[in-house]
Amino acid sequence: MILEWPTPTVTEDFKKNDCQWREITEEAYTWFLECVPPIGFNGSYFVNSEPHTYNQAGEVVYLAFKEVDGKFYARLATLKQYKQLRDSKS
């Protein structure tokens, strides 16, 4: 099985300052959930605890994930952005 990684697409979104949720495979979602302990897992939203990059303000940027209606998504976000996204369910 070839696992489709979300990193290239979400990284390009981040570089264009156009971060949005991108659909990924269930296998990628599960792999990132299980590879290292997640930050803030609440049953459908989580952040992979390994930093991905930094933004221009020097804040750590992580891969964030969500599952909605059996579909799986990823995007880059700071912890502050992740909490806002999770709380707004967007």
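Modeller: Start with pairing: two strands pair if DSSP finds at least two bridges between them. Strands (E, at least two residues) and helices (H or I, at least four) are DSSP runs, numbered from the N terminus. Here I24 stands opposite F72 in β5. This is a predicted model, where local features need pLDDT of at least 70, side-chain atom pairs count only at pLDDT 80 or more, and totals for chains, interfaces and linings use all residues. Residues are numbered from 1 along each chain as its sequence is written, and side-chain values use heavy atoms, with hydrogens and water left out.

Colleague: How many bridges join β4 to β5?

Modeller: Seven, and the two strands run antiparallel. One of the pairs is L63 with L76 in β5. On β5 there is also β1 (residues 22–24), antiparallel and joined by three bridges.

Colleague: Is D69 buried or exposed?

Modeller: Buried means under 20% relative accessible area, exposed over 50%, partly exposed in between (1.4 Å probe, protein chains only). D69 is at 76%, so it counts as exposed. H52, in the loop between β2 (45–47) and β3 (53–54), is partly exposed because its value is 30%. In β5, six of the seven residues are buried.

Colleague: Which residues does S44 contact?

Modeller: Contact means heavy atoms within 4.5 Å. Leaving aside neighbours within four places in sequence, S44 touches Y29, F65, K66 and E67. S44 counts as buried because its relative accessibility is 17%.
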